[in-house]
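Take a first walk through this structure with the model in view.

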Amino acid sequence: MILEILLASVVTLSGTLPDSRSAAELFGKGLYEAARTGFESLPDNSVNDGYEVLCALRMGSDDSEALVSDYFRKYGSSSLYSEILFESGRSLFDKEQYPQALKAFSAVNQKNLDKNRWAELFYKKGFCEFSGA
């Protein structure tokens, strides 16, 4: 854990990442701030920008919902579409913004989401519906 934090600090301070694989590794380790910095430094495309949005959502960044809107406006549907909607829904759910969370959860195509997340999707979507959203 300490090594991961140090690695994230070095990457963040140096501002360089060799490739998207390094940023993805940081993302996989939950080092979202360093991963976001890495993805921001890479060329714009639907994958790099999508992971930048996912990092912002997982960190609870103030600009995360604006990034989601910008991403969908720029790319429309992508391979990360359902993942971004799911994370957006989770963020909104945690803020008790149930109508907006329900909208995000309802747009998720569960087939494009890891099966391990289906239970959370169904529970949170049902909770939003039950709350009168």
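S61 sits in the loop that links α4 and α5. The model is a predicted one. Is S61 buried or exposed? Its relative accessible area is 14%. The limit for a buried residue is under 20%, so S61 counts as buried.

What does S61 touch, once neighbours within four places in sequence are set aside? The partners are R36 and A56. With R36 there is also a polar contact. It runs from side chain to side chain, at 3.3 Å.

Now step back to the chain. It has 8 helices and 0 strands. Follow the sequence and the pattern reads α-α-α-α-α-α-α-α. The chain has 133 residues, and 41% of them are buried. Its accessible surface comes to about 7600 Å². Carbon and sulfur atoms account for 54% of that surface.

Contacts tell how the sequence is brought together. Take those between residues at least 6 apart in sequence. Of these, 47% join residues at least 24 apart.

Next, look inside. In soluble globular proteins, nonpolar side chains tend to be buried together. Here the largest nonpolar core holds 32 residues. Which of them touch the most other members? They are F27, F39, V53, I84, F105 and C128. At least two residues each come from α2 (20–28), α3 (32–41), α4 (46–59), α5 (64–75), α6 (81–94), α7 (98–107) and α8 (118–130).

Leave out residues up to four places away in sequence, and F27 touches Y32, A35, F39, Y51, L54, C55 and R58. One of these, F39, is also among the core members with the most contacts to other members.

Last, turn to the empty space. Rolling a probe the size of a water molecule over the atoms shows where such space is left. The largest pocket has a volume of about 170 Å³. Which residues line the largest pocket? The lining is made of E65, V68, F72, L85, S88, L92, Q100, K103, A104 and A107. The helices α5, α6 and α7 each supply at least two of the lining residues. Which helix gives the most to this lining? It is α7, with 4 residues.

How values were computed
Residues are numbered from 1 along each chain as its sequence is written. This is a predicted model: local features need pLDDT of at least 70, side-chain atom pairs count only at pLDDT 80 or more; totals for chains, interfaces and linings use all residues. Side-chain values use heavy atoms; hydrogens and water are left out. Buried means under 20% relative accessible area, exposed over 50%, partly exposed in between (1.4 Å probe, protein chains only). Contact means heavy atoms within 4.5 Å. Accessible areas come from the Shrake-Rupley method with a 1.4 Å probe; for residues, only the protein chains shown count as cover. A nonpolar core is a set of buried Ala, Val, Leu, Ile, Met, Phe, Trp, Tyr and Cys residues joined through side-chain atoms within 4.5 Å. A polar contact is a pair of N or O atoms within 3.5 Å; within protein, one must be able to donate a hydrogen and the other to accept it, and residues adjacent in sequence count only if both atoms are side-chain atoms. On a 1 Å grid over the protein atoms alone, a cavity is a set of points where a 1.4 Å probe fits but cannot get out, and a pocket is an open set with protein on both sides within 12 Å along at least five of seven lines; lining residues have an atom within 4 Å of a point. Grid points are joined across faces, edges and corners, and a volume is the space filled by probe spheres set on the points.
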